[in-house]
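I opened a notebook for a structure that was new to me. These are my entries, in the order I looked things up.

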Amino acid sequence: MKQTRSYVRSASLLLLILLFTVFGASAAPPARPGKYLVYVGTYTNDEGSKSKGIYAYRYDAATGQVTPLGLAAESTNPSFVAVHPNGKFLYAVNELANYKGANSGGVSAFAIDRTTGKLTFLDELPSRGADPCYITVDKSGKFVLVANYTGGSVIVYPILDDGRLGEASAFVQHSGHGPNAERQEGPHAHSIDLSPDNRFAFVDDLGLDELLVYKFDAAKGSLAPNDPPFAKLAPGAGPRHFALRPDGKFAYVVAEMGRSVTVFSNDAAKGTFQHLQTVTTLPKDFTGRNDDAEIEVLPSGKFLYASNRGHDSIAVFAIDSAKGTLTTVEITSTGGKEPRSFEIDPTGTLLFAANQKSDNIVVFKIDAKTGKLTPTGQVLEVASPVCVKFVAID
């Protein structure tokens with residue numbers, strides 16, 4: 001009888017631990033320190049750019065050391081890249097206004113050599129919209145989703161067994177405009193991301209001042225408008241990129257023209273958002289030109305980062321654990337010009353700031369307690385860097 005009671009107590013304790021792990025944790029645990037390949041998408045068509053395509057590095061998270069591997073693949077304007085969940089394939093947008101005579105850009109597929117970091121070209125398809133500027137792979141690894149900036153549209157491609165792309169399974173053309181006649185004369189889809197459960201696709205459209213929400217069918221690769229179909233941002237804000245807190249309860253949108261971050265509460269079951277707060281990414285006394293660019297939440301869920309092009313800095317915010325709202329911690333220089341993007345390494349230890357106009361990526365140490373950034377002294381020299389992505393290899 002004593003053994004039975006002991007067993008029951010032990011089983012109950014294990015169940016409580018499991019329930020806390022599943023429902024009580026507010027953030028995804030960071031990856032363990034290991035070895036990674038790091039890929040950098042670039043602009044090859046930038047004025048004066050010496051870039052030839054996608055570049056690779058080796059990163060040891062245990063030591064923090066980054067080693068250059070050189071050109072991984074030649075490609076034209078492979079600005080944003082995305083990695084397949086299996087770590088075997090990489091996909092890139094070719095950010096062009098004219099693709100083989102059509103008003104379109106391209107989307108390229110590559111196989112990853114996990115030993116050398118080299119990329120082998122597999123195929124390339126038209127994006128069916130000019131200047132594709134963002135790409136992501138769905139959680140199942142079955143589809144690639146792309147946002148066409150000038151085209152104002154989004155497109156979905158199935159991924160074949162060998163990593164190549166099949167003919168598009170979905171295409172949605174946005175319509176409308178915003179109040180800024182110069183920048184918002186029409187729709188400009190700037191990013192497309194997926195919910196953690198793979199049920200919703202979120203699209204920031206700079207031209208419409210909308211965070212559009214689509215129901216994503218992961219079996220068919222289709223998109224259908226959610227109900228309601230979008231959350232509205234302030235007129236003229238120009239939403240650019242999107243981030244979710246790891247627990248999915250709160251969403252954050254960086255506005256390129258509004259120079260701000262907007263906070264939403266997220267009903268994950270319904271894919272609906274409610275506005276909570278909008279905060280500036282700039283010092284109060286700054287009056288110069290600035291375009292906000294990238295946004296990311298630390299894996300711990302405690303801090304948020306957003307980059308400023310013009311002020312050339314990264315704004316660091318503390319996230320209220322209960323409310324999801326933001327408080328400014330610091331605004332620190334990126335050590336270069338035009339930080340078009342940045343990426344936090346999977347362990348949540350380092351931030352790689354891609355300074356497009358100074359041809360470098362500056363590496364920062366992240367203080368896990370305060371969120372503050374400190375330069376490590378490592379500066380990676382690469383022409384016109386735009387996007388940084390990691391692939392675990394150990």
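**Entry 1: residues with a positive phi**

I began with Arg128, which is partly exposed, with a relative accessible area of 46%. My cut-offs are these: buried is under 20% relative accessible area, exposed is over 50%, and partly exposed is in between (1.4 Å probe, protein chains only). Before going on, I noted that this is a predicted model, where local features need pLDDT of at least 70, side-chain atom pairs count only at pLDDT 80 or more, and totals for chains, interfaces and linings use all residues. Residues are numbered from 1 along each chain as its sequence is written, and side-chain values use heavy atoms, with hydrogens and water left out.

I then placed Arg128 in the loop between strand 7 (119-126) and strand 8 (132-137). Strands here are DSSP runs of E, at least two residues, and helices are runs of H or I, at least four residues; both are numbered from the N terminus. Arg128 is not a glycine, yet its phi is positive, about 65 degrees. I wrote down the background: most residues other than glycine have a negative phi, and most peptide bonds are trans.

Asn77 was next. It also has a positive phi, about 50 degrees, and is not a glycine. I found Asn77 in the loop between strand 3 (65-74) and strand 4 (81-83). Is Asn77 buried or exposed? Asn77 counts as buried, because its relative accessibility is 6%.

**Entry 2: a cis peptide bond**

I looked at the peptide bond from Asp227 to Pro228. That bond is cis, with omega near 0 degrees. Pro228 sits in strand 15 (residues 222-232).

**Entry 3: Ser195**

I located Ser195 in the loop between strand 12 (189-194) and strand 13 (200-205). Its relative accessible area is 5%, so Ser195 is buried. What lies 3.1 Å from a polar atom of the Ser195 side chain? I found the backbone nitrogen of Arg199 there. Setting aside neighbours within four places in sequence, I listed Lys139, Phe200 and Phe202 in contact with Ser195. Contact means heavy atoms within 4.5 Å.

**Entry 4: Ala97**

Ala97 lies in the loop between strand 5 (89-94) and strand 6 (106-112). At 41% relative accessibility, I logged Ala97 as partly exposed. Beyond neighbours within four places in sequence, Ala97 is in contact with Ala102, Asn103, Ser104, Ala130 and Asp131. I also checked Ala97 against Arg259, 162 residues away along the chain: their C-alpha atoms are 26 Å apart.

**Entry 5: a hairpin**

I followed strand 26 (residues 360-366) and strand 27 (residues 373-381), which pair in the antiparallel sense over 6 bridges. Two strands pair if DSSP finds at least two bridges between them. In this pair, Phe364 stands opposite Pro375 in strand 27. Strand 26 and strand 27 form a hairpin with 6 residues between them. Gly371 in the turn has a positive phi of about 85 degrees.

I traced an open sheet of 4 strands in the order 8-9-10-11, with antiparallel pairing. Its edge strands are strand 8 and strand 11 (170-173), each pairing on one side only. Strand 10 (residues 153-158) joins strand 11 through 4 bridges in the antiparallel sense. There, Val156 has Ala170 of strand 11 as its bridge partner.

I traced another open sheet of 4 strands, with the order 3-2-1-28 and antiparallel pairing. Which strands stand at the edges? I noted strand 3 and strand 28 (385-392); each has a single partner strand, so one side of each lacks a neighbour in the sheet. Strand 1 (residues 35-42) and strand 2 (residues 53-60) run antiparallel, joined by 6 bridges. Tyr39 stands opposite Ala56 in strand 2.

**Entry 6: the whole chain**

I ended with the totals. The secondary structure of the protein chain comes to 1 helix and 28 strands. Its radius of gyration is 21 Å, close to the 21 Å that the globule rule gives for 394 residues, so the chain is as compact as a globular protein of that length. That radius is taken over C-alpha atoms, and the rule is 2.2 Å times the number of residues to the power 0.38. The C-alpha trace spans about 80 × 50 × 50 Å along its principal axes. Of the 394 residues, 56% count as buried. Among contacts between residues at least 6 apart in sequence, 49% join residues at least 24 apart.

Methods
A polar contact is a pair of N or O atoms within 3.5 Å; within protein, one must be able to donate a hydrogen and the other to accept it, and residues adjacent in sequence count only if both atoms are side-chain atoms.
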